Amino acid sequence: MTVTDDASGAERGWPVVPRVAVVGLGYVGLPLALGFAAAYPTLGFDVDPQRVAELRAGHDRTREVAADALATTALTLATDPAALAGHDVFIVAVPTPVDAARQPDLSALLAASRTVGAHLRRGSVVIFESTVFPGCTEEVCVPVLEEASGLRFNQDFFCGYSPERANPGDQAHRLKSVVKVTSGSTPAAADLVDRLYRVIIPAGTHRAPSIRVAEAAKVIENTQRDVNIALVNEIAIILARLGIDTADVLAAAGTKWNFLPFRPGLVGGHCIGVDPYYLTHRAQVAGYHPEMILAGRRLNDGMGAYVAGQVLRLLVRRGLNPVGGRCLVLGLAFKEDCPDIRNSGVASLVAELAAVGLAVEVHDPWVDADAAAHEHGIALVAEPERARYDVVVLAVRHRTFVESGAAGLRAYVRPSGILYDVQSVLAANLVDGRL
């Protein structure tokens, strides 16, 4: 890991085999820490004692890492910040959500920066993986690192940014199989960061020309997806008014070679539902008010209310009174076959259904009941009763639900009740309504 350009003495002093500390052991940090532990002496640090205790016992509640991988790794785990002392490279992978006003919540990032800053030494490198707006690393995090360490940026310590590209529940696109964008605060730092990741990422790296470019690349990746999903959601709303099945239209349009295969639905998760707000926040600070991006966000944020309205109309047509009616929502995770409930669009759907008077129960075999209660105030039902509900809403396309088929899901519905398919995975003639 030596540096060969005209770098400062601190940069030339980087060790050949660095000691790596990964701060934050969630969906992003844990797989990253295991990856680095296979190549370098690595510490995994998290402020949650329960999380670390579970990992030491071989259990990953995110289901991203298997028990045997935890049992065989050389990764050291710690909750005491003192364990960070003596490390050369610090990688910060903590959550960066938005608050109730849809503004960036940097509290965890700032706390992590203060903790890391207290353990920096001359020649240290701090790499941020958390999603941020362009400029955040150098304008927000660096001053905290300088204050906590008493060291000078780009003279005594250096920074990098390598945006996370984790896709919870995706077994095909894993850490090692996705190209990693890297960057650094000086040419030598950029070189070090790139070579550091290249060792553990067989798919390779893309070295961005600056930290700000890497930060911007991250937020536009998911902003692009968000806008495209919003377009398809709006198309679904229009086609419903025209009495045309959206799934049929998308199947026909999809036969054209350059048609993008986006589907309507509830948008959630830590990235797609959050990253656009980081970009638009920074744009507004710069004096520009985004239009298309925020319009897409409004559309996607409003899909829970739209689906609830569709369900209500079906109930009324069937002559069923929603007030006091029983409703079962299948799925709470923000996507299929994963336990991640962060910013789940299903939570807003549940709230909207309850607002019209329905008694709503939620069942999701992937989601931890305590997490659902803590995050969304939703008490999960372990085993829904058969023939009990006036309406069943298939909200998440978990494999177990899809494999049950319309007949299996309709078994929960009373004879006069309805089955609504948010995901449009069931044939139109087998359900009473779908998005």
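Predicted model: local features only at pLDDT ≥ 70, side-chain atom pairs only at ≥ 80, totals over all residues.
1. In general, the strands of a sheet pair through backbone hydrogen bonds, in either a parallel or an antiparallel sense.

2. The sheet to which these strands belong is open and has six strands, ordered β3-β2-β1-β4-β5-β6, with parallel pairing. At its edges stand β3 (76-78) and β6 (158-161), each of which pairs on one side only. From one strand to the next, the twist averages 20 degrees.

3. The loop between β4 (89-92) and α5 (107-117) contains V94. V94 counts as buried because its relative accessibility is 13%, and the cut-off for that class is under 20%. Setting aside residues up to four places away in sequence, V94 touches V23, G24, A108, L109, A112 and S130. V94 is also 7.5 Å from G26, C-alpha to C-alpha, although the two are 68 residues apart in sequence.

4. Helix α5 holds S113. With a relative accessible area of 0%, S113 is buried. Beyond residues up to four places away in sequence, S113 touches F128, C141, V144 and L145.

5. T131 is placed in the loop between β5 (125-128) and α6 (136-149). Apart from neighbours within four places in sequence, its contacts are T96, Y161, E164, K218, V219, D275 and Y278.

6. Two of the residues that T131 contacts, K218 and D275, form a salt bridge through their side chains, at 3.9 Å from N to O. The pair connects distant parts of the chain, since D275 is in helix α10 (residues 275-285) and K218 is in helix α8, 57 residues apart. D275 is buried, at a relative accessible area of 0%, and K218 is likewise counted as buried, at 2%. As a general point, side chains of opposite charge can pair when their charged atoms come close.

7. The count of salt bridges in the model comes to 28. One of them joins R102 to D301, whose closest N and O atoms are 3.6 Å apart. R102 lies in the loop between β4 and α5 and D301 in helix α11 (residues 292-301), so this pair ties together parts that are 199 residues apart in sequence. R102 is partly exposed, at 38% relative accessibility, and D301 is partly exposed as well, with a relative accessible area of 30%.

8. A further salt bridge is formed by the side chains of E361 and R388, at 3.4 Å from N to O. Here E361 is in strand β10 and R388 in the loop between α14 (369-376) and β11, and the two distant parts of the chain are 27 residues apart. E361 counts as buried, at 14% relative accessibility, whereas R388 counts as partly exposed, at 22%. Salt bridges with shared partners also join R102, D226, R297 and D301 into one network.

9. Strands β9 and β10 run parallel and are joined by five bridges, with V329 opposite V362 in β10. Strand β9 (residues 326-330) is largely enclosed by the rest of the structure, because four of its five residues are buried. Strands β11 (residues 389-394) and β12 (residues 413-421) also pair in the parallel sense, over five bridges, and V391 has I418 as its bridge partner in β12.

10. The last point concerns the surface. Which residues make a nonpolar surface patch of about 340 Å²? The patch is made by I238, L242, I244 and V249. Of these, L242 is found in the loop between α8 (211-241) and α9 (246-253). L242 is exposed, with a relative accessible area of 58%.

Note on methods. Residues numbered from 1 in each chain as written. Heavy atoms only, no water. Patch = residues over 30% accessible without salt bridge, like charges linked within 9 Å, V, L, I, M, F, W, Y side chains within 5 Å. Areas by Shrake-Rupley, 256 points an atom, 1.4 Å probe, with all protein chains shown as cover. Salt bridge = Lys/Arg side-chain N within 4 Å of Asp/Glu carboxyl O. Buried < 20%, exposed > 50% of the residue type's maximum accessible area, 1.4 Å probe, protein only. Contact = heavy atoms within 4.5 Å. Pairing = 2+ DSSP bridges. Axes fitted to C-alpha atoms, helices over the stretch in contact; angles between N-to-C directions.
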